[in-house]
Amino acid sequence: MDSLPGRSFGRVTAPELAVFVSGVASMGLEILAGRMVAPQFGSSIYTWGSIIGVFLAALSLGYHYGGKRAAERASVDRLTWLLLGTAAYVALLIFAGDLLLAAGSSFPLPSRFASLPAITLLFGPPTYLLGFISPYAAELSNTEEIGEASGRVYALGTVGSILGAFGTTFFLIPSFGIEAISFLFGLLLVGTALSIALPSMNREPLFATVGVTVLLVAAIGSGAVGVSTGGQVVYQTQTPYQELEVADLGDTRTLYLDGQRHSAMDLDDPNRHVFEYTRYFHMPYLFAKDPDDIDRVLFVGGGGFTGPKRFAAEYNATVDVVEIDPEVIDVAKQYFRVEESEQLNIHNGDGRRFLRNTNHTYDLIVLDAYKKDKVPFQLTTVEFMQLTNDRLSEDGILFANLISAPSGPASEFYRAEYRTMEQVYPQVYSFPTAGSSVVQNIEIVATKNPEQVTEAELRERNRQRDIGIDLESEIGSYRNDEPTDDVPILRDDRAPVDSLLDPMVGQRYVIEQTAPGNETAG
């Protein structure tokens, strides 16, 4: 058995190079894991806690068993096999990651632990193999002192982890898709295995290197198998914030964010409301004393810009949109026929920061930045609601598009947000959009006007006012009194959004679609 340190690369020996690359790969895969499991489990604190815990556990096991075996088995050849074994598993992730994810999702666990089996199945084995490399490298070190050898090895591994974390976060994910990034990590592992074993590589490791390279190329060339969104994929990318996909099915183009339907457009009628819940965006025009008084509107969150496009086209109002993800803005312009104009202004930035810094006063603010499993808590708190109140005109209206259930355990987030708004606004109303207790879009309207607007008054205004859309059916889901004693008021110093969203994990999210030609004026 070869027990020599192997080839030297300047001041870094072959084992130390293996340690450095293992640090890059392990931390890079950890960052990538968040993107791979988000479409199935979301990106809540429970998901990220599970990812971090699985990686630490797998590395610890690798360190433990690697340390026990290092004295007898450590060699450059074995480092080569460990790197190649990890690269082979990465090829499996590229080809069958969705299938492994689906298999790991079938375990009947409480929702907050639901991602653990899938994360373990996907990332436990390769991380475990990488854990062997550091103790093996310490055993093969040229340094006689155990403390110095260990310190150098773990310092190199940590530097590699730092590079893997920053490189994956700030360069790879914004530039490439998940499969391409995985492929690059696989090539890095294979290339390192080849470089540390040359020039005296034995026949078996050489054949294995060729074989794993072929596996990686075949995996990336054949494409992944598993669950897809459906329809023809028009565009797909990883943004700094989420996985983004645009897909066409028939005459409908849909924007998917982290695997969830977010916006849709009728290719033949771009301004039509495809999703039923977007029709409710017009409800503030019935709550206003005079709809013509809504001169300036702010949308926090853009997506496919369904509401902003319609408002700019039909109403005599200036519409500002603030969207945090620049890729979403570019996609909206390229694939959803969004054009900036004197009436439609698009800003790239954080919604709360924008409101804090703007000198504009708005007549209507629409919050459309929430997802089923990922809610920016800073846009949910009393302090934020007070900020919206400060930026609204005297009779201004706040509209929030939430995803929750109107009743039952999955309603906790909705009712907490309702209670939070009540701390700032004298009147709060809500409109569930799917008519039952399922997880759905729930539209909340909060007004600075202390006088209650009844359901009958809304129906009368709908008949009298020409707002470009008939909301007679939508008014039927009117609610103005919700039980909130058992849910918290959300504050900047305590907003347990993740735990409030937790009961929704695993539940079906219902989005009803409209039929063409049903948007007659009131």
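**Reading salt bridges in a predicted model**

User: In which helix do R310 and E314 lie, and how many residues apart are they?

Analyst: R310 and E314 are 4 residues apart in helix α10 (residues 306-314), and this separates them by about one helical turn. Helices here are DSSP runs of H or I with at least four residues, numbered from the N terminus. This is a predicted model, in which local features need pLDDT of at least 70 and side-chain atom pairs count only at pLDDT 80 or more, while totals for chains, interfaces and linings use all residues. Residues are numbered from 1 along each chain as its sequence is written, and side-chain values use heavy atoms, with hydrogens and water left out.

User: What is a salt bridge, and how many does the structure hold?

Analyst: The term means a side-chain nitrogen of Lys or Arg within 4 Å of a carboxyl oxygen of Asp or Glu. The structure holds 14 salt bridges, and one of them joins the side chains of R310 and E314 at 2.6 Å, N to O.

User: Is R310 buried or exposed?

Analyst: Buried means under 20% relative accessible area, exposed means over 50%, and partly exposed lies in between, using a 1.4 Å probe and protein chains only. R310 is buried at 4%, whereas E314 is partly exposed at 38%.

User: Which parts does the salt bridge of R459 and E472 tie together?

Analyst: The side chains of R459 and E472 meet at 2.7 Å, N to O. Because R459 lies in helix α15 (residues 455-464) and E472 in helix α16 (residues 472-475), the pair ties together parts that are 13 residues apart in sequence.

Definitions and conventions
Helices (H or I, at least four residues) and strands (E, at least two) are DSSP runs, numbered from the N terminus.
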